[in-house]
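This report is meant to be read alongside the sequence and the coordinates. Please keep both in view while going through the text.

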Amino acid sequence: MARVGIWLSVLFLSVVWSTAASAGSKRVAKRHYAEGVKQGRSREINEAIDSFREALKQDPKMFKAALDLGLACSMSKRWPEAIAAYQLAVKTEPKSAKARRGLGEALSELTAFQEAIPHFE
């Protein structure tokens, strides 16, 4: 019986620790994202790309960071990177018209027209 109690305590602490770590990661992600937005507005596109990537390292499901990374990469004509970012954004929020349009436009830039068409529909 004591082993069950210890096991439950360990399980509970690991869940609490995981949740706290996740919350901390999301705060760090938000800071990186805000910095990326600021850099993008200042036309520091390469720095913004780095900040959005850092945000996504901390929170891989942060839709806004994926979307804005796609936009920043598109502005730099880094089409393969833009496609990957927009694909992540679409995966995170499949109904996002902005993410789908961005993905379609980036695919079109690489002349992947057949693949791009569904994203414009």
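**Overall make-up**

The model is a predicted one, and its chain of 121 residues has 34% of them buried. Its secondary structure consists of six helices and zero strands, so that the order of elements, read from the N terminus, is α-α-α-α-α-α. The chain exposes about 8,100 Å², and carbon and sulfur atoms supply 60% of this area. When contacts between residues at least 6 apart in sequence are considered, 39% of them join residues at least 24 apart.

**Packing of the helices**

Two packed helices are described by the angle between their axes and the distance between the axes.

| Helix pair | Angle between axes | Distance between axes | Crossing |
|---|---|---|---|
| H2 and H3 | about 155° | 9 Å | left-handed |
| H3 and H4 | about 160° | 8 Å | left-handed |
| H4 and H5 | about 155° | 9 Å | left-handed |

For H2 and H3, which pack at about 155°, the arrangement is therefore roughly antiparallel. On the H2 side the meeting residues are Ile45, Ile49, Phe52, Arg53, Ala55 and Leu56, and on the H3 side they are Ala65, Ala66, Asp68, Leu69, Ala72, Cys73 and Met75.

H3 and H4 pack at an angle of about 160°, which makes H3 roughly antiparallel to H4. In this pair, H3 brings Phe63, Ala66, Leu67, Leu69, Gly70, Leu71, Cys73 and Ser74 against Trp79, Glu81, Ala82, Ala85, Tyr86, Leu88, Ala89 and Thr92 of H4.

Helix H4 covers residues 79–92 and helix H5 residues 97–109, and the two pack with their axes at about 155°. H4 is accordingly roughly antiparallel to H5. The residues in contact are Trp79, Ala82, Ile83, Tyr86, Gln87, Ala89 and Val90 from H4, with Ala99, Arg100, Gly102, Leu103, Ala106, Leu107 and Glu109 from H5.

Is Ser74 buried or exposed? Ser74 is part of helix H3, which spans residues 63–75, and because its relative accessibility of 15% is under the 20% limit, Ser74 counts as buried.

Ile83, a residue of helix H4, has a relative accessibility of 11% and counts as buried. With residues up to four places away in sequence left out, Ile83 touches Leu103, Ala106, Leu107 and Leu110. Leu107 is 24 residues from Ile83 along the chain, and the C-alpha atoms of the two are separated by 6.7 Å.

**The aromatic pair**

A pair of aromatic rings is described by the distance of the centres and the angle of the planes. The structure holds one such pair. It is formed by Tyr33 and Phe52, whose ring centres are 5.6 Å apart and whose planes stand at 40°, so the pair is tilted. Since Tyr33 lies in helix H1 (residues 2–41) and Phe52 in helix H2 (residues 45–58), the pair ties together parts that are 19 residues apart in sequence. Both partners are buried: Tyr33 has a relative accessibility of 14%, and Phe52 has one of 4%.

**Two loop residues with positive phi**

Which backbone angle is positive in Arg43, a residue other than glycine? It is phi, with a value near 65° in Arg43. Arg43 sits in the loop between H1 and H2 and is exposed, with a relative accessible area of 62%. Lys77, likewise not a glycine, has a positive phi of about 55°. Lys77 is found in the loop between H3 and H4, where its relative accessible area of 60% makes it exposed, because exposed means over 50%.

Key:
Residues numbered from 1 in each chain as written. Predicted model: local features only at pLDDT ≥ 70, side-chain atom pairs only at ≥ 80, totals over all residues. Heavy atoms only, no water. Helix = DSSP H or I, 4+ residues; strand = E, 2+ residues; numbered from the N terminus. Buried < 20%, exposed > 50% of the residue type's maximum accessible area, 1.4 Å probe, protein only. Contact = heavy atoms within 4.5 Å. Areas by Shrake-Rupley, 256 points an atom, 1.4 Å probe, with all protein chains shown as cover. Phe/Tyr/Trp six-rings, centres within 6.5 Å; stacked < 30°, edge-to-face > 60°. Axes fitted to C-alpha atoms, helices over the stretch in contact; angles between N-to-C directions. Parallel < 35°, antiparallel > 145°, perpendicular 65-115°, else oblique. Left-handed = near helix turned anticlockwise from the far one by under 90°.
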